[in-house]
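Please look over the sequence and the fold before reading on.

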Amino acid sequence: MKIFFLFTFSTFFWSPFEQAAASVHYDKILTHSRIRARDQGQNVCALQQVMGTKKKYFSTCRNWYQGAICGKKATVLYECCPGYMKMDGMRGCPAVAPIDHVYGTLGIVGATSTQQYSDISKLREELEGRGSFTFFAPSSEAWEQLDSEIHRNLIDNVNIELYNALHHHMVNKRMLTKDLKNGMTLVSMYNDQKLLINHYPNGVVTVNCARVIYGNQIATNGVVHVIDRVLTAVGNTIQDFIEVEDDLSSLRAAAITSDVLDILGKPGHYTLFAPTNEAFERLPRGLLERIMGDKVASEALVKFHILNTLQCSEAITGGAAYETLEGNTVEVGCDGESLTVNGVKMVKRKDIVTSNGVIHLIDEVLIPDSAKQVIELGGAQQTTFTDLMIQLGLASSLRPEGQYTLLVPLNGAFSDDTLRMDQRRLKTILQNHIINVKVGLNELYNGQELETIGGKLLRVFLYRTAVCIENSCMVRGSKEGRNGFIHILRQIINPAEKTLHEMLRNDKRFSVFLSLVKAADLDDVLSQPGKWTLFVPTNDAFKSLTDDDKDILIRDKNALRNILLYHLTQGVFIGSGFEPGVTNILKTIQGGKLYLKTVNDTLLVNELKSRESDLMATNGVIHVIDKLLYPADLPVGNDQLLTILKKLIKYIQIKFVRGSAFKEIPLTFYKINIIESNVQPIIRKEEPIIKTYTKIIDGRPVEVTEKKVTEERIIQGPEIKYTRITAGGSDNEEKLKKLLEDEVTKVTKFIEGDGHLLEDEEIKRLLQGAPVRKEQPTRRTQGGTARRRTRLAYP
């Protein structure tokens with residue numbers, strides 16, 4: 001019973017501490033290091049040491065599996081975990097390190113220089129005495145790396161300067177790594193100076209940007225954490241530093257102009273990547289003047305250099321994206337001992353610690369997209385377009401205060417033939433890639449039309465994983481600049497000029513298919529406005545078709561329509577809009593299914609390769625194939641037809657079921673139904689009214705007869721004609737006729753003084769299924785002739 005009680009008590013007592021430790025990054029990383037070294041014996045930790053340096057890390061999974069830190073190869077070391085030690089003749093680290101006072105513990109953890117300086121500065125007595133201290137003890141290497149002049153001044157005045165410097169590394173209470181929270185500020189034992197604590201997700205803990213390299217060595221009167229540099233006093237804000245640093249005068253001017261400087265004087269945890277004067281001098285003069293003359297752009301520029309988190313250099317062991325005050329992100333990484341920003345080594349001096357953050361001096365100015373003109377947003381893969389824009393004078397026509405959207409093809413989209421075109425034609429092509437309004441990626445929707453400065457209307461097609469504009473689909477990389485958006489496209493945009501029917505008629509490759517379309521009375525389908533995807537076999541698909549075969553096929557109109565309409569589906573589907581390698585199922589007008597997917601940028605239709613895809617028409621898109629398509633589940637019941645189809649289709653086995661017939665496909669799926677109803681002018685002529693009554697005249701009753709004549713009145717009723725493409729069926733016609741009959745009734749009621757006339761727009765609403773709105777008539781119309789309107793509406 002006692003054993004059970006002890007077990008329960010210990011579980012209850014230790015679990016909260018274990019959970020707290022598990023929630024701290026340093027302890028998590030240390031636990032992973034133990035796991036990696038479990039084959040080496042108990043209490044052994046695995047570390048990574050950067051080759052060519054003495055820098056060692058309890059590393060993250062990412063660094064461990066990459067075998068590198070900051071892009072440099074790292075070797076694996078196995079050492080006793082903090083608080084443990086080896087025993088002769090035994091594996092691992094089975095012994096607990098002895099517990100001593102803080103002064104003695106400095107020797108245990110190898111901080112011998114700090115121990116020596118504590119002795120000569122008369123701090124030893126305090127470190128051996130009563131209390132509860134935290135000592136952030138610089139390693140012996142840290143003292144060697146200290147600026148020689150500062151080091152000499154400390155040694156020359158050990159009783160004051162060195163004593164104070166060591167006190168600056170101490171806190172008057174015990175703080176384990178789990179107690180060191182990110183963003184915490186501690187008060188040191190020297191003059192209440194601040195110690196800024198950061199505890200990062202990768203397990204790195206810093207004190208004024210000095211990294212804890214060996215933590216949590218418990219002492220009888222506190223705890224010792226070994227750090228990799230000597231701490232210096234922190235007093236000024238980032239603003240204070242900028243205002244007095246001569247090499248940052250250009251940044252200071254920009255920060256004042258944009259009203260950002262004051263932000264850097266407020267409490268916080270900022271990181272400033274501060275461009276030097278030399279960095280500003282490298283910018284083209286016109287660019288800098290334009291940005292500085294635009295308060296919005298200058299504010300964006302300065303804020304793009306500021307992070308709202310404190311990022312010490314020692315905490316960066318790999319690349320990561322950090323959000324700036326401007327709103328966009330920068331990639332901060334490392335390359336050996338150097339920090340990188342957006343992949344470029346540009347940091348000249350790092351870890352200038354202030355009371356509200358840290359400063360890293362850089363030798364390049366970071367220009368955010370929001371401070372750039374739209375023409376400046378193009379990257380290395382879009383230089384052909386931007387160069388042509390400049391050469392053809394289009395770039396200069398984009399005003400800084402304007403609003404534009406550039407649809408920019410990749411460099412590879414411009415073939416040699418395109419670049420050799422007449423400049424006027426090339427300019428027209430580029431104009432069709434410029435929209436005169438700002439349209440962001442999240443503002444695009446399916447069916448949207450964008451008008452170019454060349455006067456063309458471009459259609460937007462939205463798919464599950466792609467956004468396409470006409471024949472060209474976007475790739476990642478859309479950006480917003482000061483005066484517009486830029487969207488990156490795979491191909492040059494070819495605006496549609498002709499209908500599907502006109503395209504077939506103008507291309508000799510499709511003459512046989514077009515003749516069959518005409519024989520099946522499907523010309524109008526491909527000529528009328530709509531949204532279609534048409535898979536067109538070339539003449540090569542019909543090589544084995546004789547004239548007699550063609551006649552037999554044409555005579556069976558149902559069969560012919562079934563075959564042809566299996567090549568047509570509603571909706572515009574661009575080949576590059578399909579997710580690569582994934583099968584997409586489309587229902588055809590015939591009723592069967594087509595199976596489409598893209599493999600290596602080639603469109604496959606029922607596993608047949610499309611020889612040419614994305615030929616845009618005003619009412620759809622054409623994909624060219626070299627074989628006739630046929631639904632595999634559709635049986636044939638005619639021997640002659642089966643023989644013909646076997647000549648044309650060899651890639652599937654056609655089913656034969658004797659006597660089976662093709663279903664009739666009515667043309668109501670596209671047919672224009674003309675439905676008319678006329679309300680003729682209504683003429684009413686009232687009979688004269690004769691009234692007899694007695695009237696008192698001069699005091700005597702006199703009988704008076706009056707005759708009231710009402711003139712003929714003509715009340716104008718509307719004659720209405722509606723033309724509408726319907727989805728087929730007589731039900732729609734009956735509904736429309738009923739609506740118009742109801743309108744005639746309303747006209748009659750109006751004549752009798754009750755009700756109101758519906759306007760054409762309201763009848764249009766009724767045709768679309770909207771409820772009738774009751775409105776009070778404002779006046780009655782008399783006279784005039786019947787009115788007649790024709791509207792064309794598409795569902």
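This is a predicted model: local features need pLDDT of at least 70, side-chain atom pairs count only at pLDDT 80 or more; totals for chains, interfaces and linings use all residues.

Residues are numbered from 1 along each chain as its sequence is written, and side-chain values use heavy atoms, with hydrogens and water left out.

## Disulfides

The structure holds five disulfides. A disulfide here is a pair of cysteine sulfur atoms within 2.5 Å. With the bonded cysteines numbered in sequence order, the pairing reads 1-4, 2-8, 3-5, 6-7, 9-10. The table lists three of these links.

| Pair | S to S distance |
|---|---|
| cysteine 45 and cysteine 81 | 1.9 Å |
| cysteine 70 and cysteine 334 | 1.9 Å |
| cysteine 468 and cysteine 473 | 1.9 Å |

Take cysteine 45 and cysteine 81. Their link is right-handed, with 105° about the S-S bond. This pair connects distant parts of the chain, 36 residues apart. Cysteine 45 sits in strand E1 (residues 44-50), and cysteine 81 in the loop between strand E4 (72-80) and strand E5 (84-85). Strands (E, at least two residues) and helices (H or I, at least four) are DSSP runs, numbered from the N terminus.

Are these two cysteines buried or exposed? Buried means under 20% relative accessible area, exposed over 50%, and partly exposed in between (1.4 Å probe, protein chains only). Cysteine 45 has a relative accessible area of 0%, so it is buried. Cysteine 81 is buried too, at 0% relative accessibility.

The link of cysteine 70 and cysteine 334 is left-handed, because the torsion about its S-S bond is about -90°. The pair lies 264 residues apart and links distant parts of the chain. Cysteine 70 is in the loop between strand E3 (68-69) and E4, while cysteine 334 is in strand E17 (residues 329-335). Both cysteine 70 and cysteine 334 are buried.

For cysteine 468 and cysteine 473, the torsion is about 85°, so this disulfide is right-handed. Cysteine 468 is buried at 0% relative accessibility. Cysteine 473 is buried at 1%. Cysteine 61, by contrast, is partly exposed, with a relative accessible area of 37%.

Helix H2 covers residues 25-36. How far apart are its end C-alpha atoms? They are 17 Å apart, which agrees with the 16 Å that twelve residues should span at 1.5 Å a residue. That expected span is 1.5 Å times one less than the number of residues. Tyr26, Asp27, Ile29, Leu30, Ser33 and Arg36 of H2 are buried. An α-helix has 3.6 residues a turn, so residues three or four places apart point the same way.

Histidine 167 belongs to helix H9 (residues 158-167). Its relative accessible area is 9%, so histidine 167 is buried. Leaving out residues up to four places away in sequence, histidine 167 touches Leu123, Glu126, Ser188, Met189 and Tyr190. Contact means heavy atoms within 4.5 Å.

## Nonpolar cores

A nonpolar core is a set of buried Ala, Val, Leu, Ile, Met, Phe, Trp, Tyr and Cys residues joined through side-chain atoms within 4.5 Å. The largest has 47 residues. Which residues have the most contacts inside it? They are Leu504, Ile622 and Tyr630. A second, separate core has 28 residues, among them Val260, Ala274, Val365 and Ala371.

## A sheet of seven strands

Seven strands form an open sheet in the order E30-E29-E35-E34-E33-E32-E31, with mixed pairing. Two strands pair if DSSP finds at least two bridges between them. The edge strands are E30 (568-570) and E31, each pairing on one side only.

E31 (residues 584-587) has a covered face, Asn584 and Leu586. Its uncovered face holds Ile585 and Lys587. Four bridges join E31 to strand E32 (residues 593-599), and the two run antiparallel. Isoleucine 585 has tyrosine 595 of E32 as its bridge partner. Lysine 587 stands opposite lysine 593 in E32. The hairpin of E31 and E32 has five residues between the strands, and there glycine 591 takes a positive phi near 115°.
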